[in-house]
Amino acid sequence: QVRMVESGGGLVQAGGSLRLSCAASGRTFSSSAMAWFRQAPGKEREFVAATKGSGGGTYYADSVKGRFTISRDNAKNTVILQMNSLTPEDTAVYYCAGGGPTYYTYYTSRSPGAYDYWGQGTQVTVSS
């Protein structure tokens, strides 16, 4: 059974930082894309960042570019999202996703339907 478990969410003031972690088990994701998505109340789930399997290659949503950094530790089957300069607009439930598209591009990497496995989500709340 594949499990993906997020951690690191919480309440932070605007301008602060949080580090989200997603630990996967049940299969190895080293050769497939992993990503972070988020969903705010009343809104659709949106792409945040993605990282290709072994060999690099990252994409970011324009709204987080320069503030968020996605990284992965294949030895630990983990994907990290470092979030800096947070704003209230970043408030959402953050989900990690694994088993992403084999044909990894700017477009396929940001499609929720391209990922096979999802975590349960972790709440991030940024106060003004």
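This is a predicted model: local features need pLDDT of at least 70, side-chain atom pairs count only at pLDDT 80 or more; totals for chains, interfaces and linings use all residues.

User: Great. How many residues does the largest nonpolar core have?
Analyst: That core has 34 residues. Those with the most contacts inside it are Trp36, Val48, Phe68, Leu81, Met83 and Tyr94.

User: And which strands each supply at least two residues of this core?
Analyst: Quite a list: E3 (18-25), E4 (34-39), E5 (46-51), E7 (68-73), E8 (78-83), E9 (92-98) and E11 (122-127). As background, nonpolar side chains tend to be buried together in soluble globular proteins.

User: Switching to sulfur: which cysteines does the disulfide join?
Analyst: Cys22 and Cys96 are the pair, with an S to S distance of 2.0 Å. The structure holds one disulfide.

User: Where do those two cysteines lie?
Analyst: Cys22 is in strand E3 and Cys96 in strand E9, so the bond ties together parts that are 74 residues apart in sequence.

User: Are they buried or exposed?
Analyst: Both Cys22 and Cys96 are buried.

User: What about handedness, and why?
Analyst: The disulfide is right-handed, because the torsion about the S-S bond of Cys22 and Cys96 is about 40°.

User: Nice. On to charges: how many salt bridges does the structure hold?
Analyst: Four. One of them pairs the side chains of Arg38 and Glu46, at 2.6 Å from N to O.

User: Which other residue forms a salt bridge with Arg38?
Analyst: Asp90 does, with the closest N and O atoms 2.9 Å apart. Asp90 lies in the loop between E8 and E9 while Arg38 is in strand E4, so this pair ties together parts that are 52 residues apart in sequence.

User: What's the relative accessible area of Asp90?
Analyst: It is 1%, and because buried means under 20%, Asp90 counts as buried.

User: Which arginine in the loop between E6 and E7 pairs with Asp90?
Analyst: Arg67, whose salt bridge with Asp90 has its closest N and O atoms 2.8 Å apart. The two residues are 23 apart, and the pair links distant parts of the chain. Arg67 is buried too, with a relative accessible area of 17%.

Technical notes
Residues are numbered from 1 along each chain as its sequence is written. Side-chain values use heavy atoms; hydrogens and water are left out. A nonpolar core is a set of buried Ala, Val, Leu, Ile, Met, Phe, Trp, Tyr and Cys residues joined through side-chain atoms within 4.5 Å. Buried means under 20% relative accessible area, exposed over 50%, partly exposed in between (1.4 Å probe, protein chains only). Helices (H or I, at least four residues) and strands (E, at least two) are DSSP runs, numbered from the N terminus. A disulfide is a pair of cysteine sulfur atoms within 2.5 Å.
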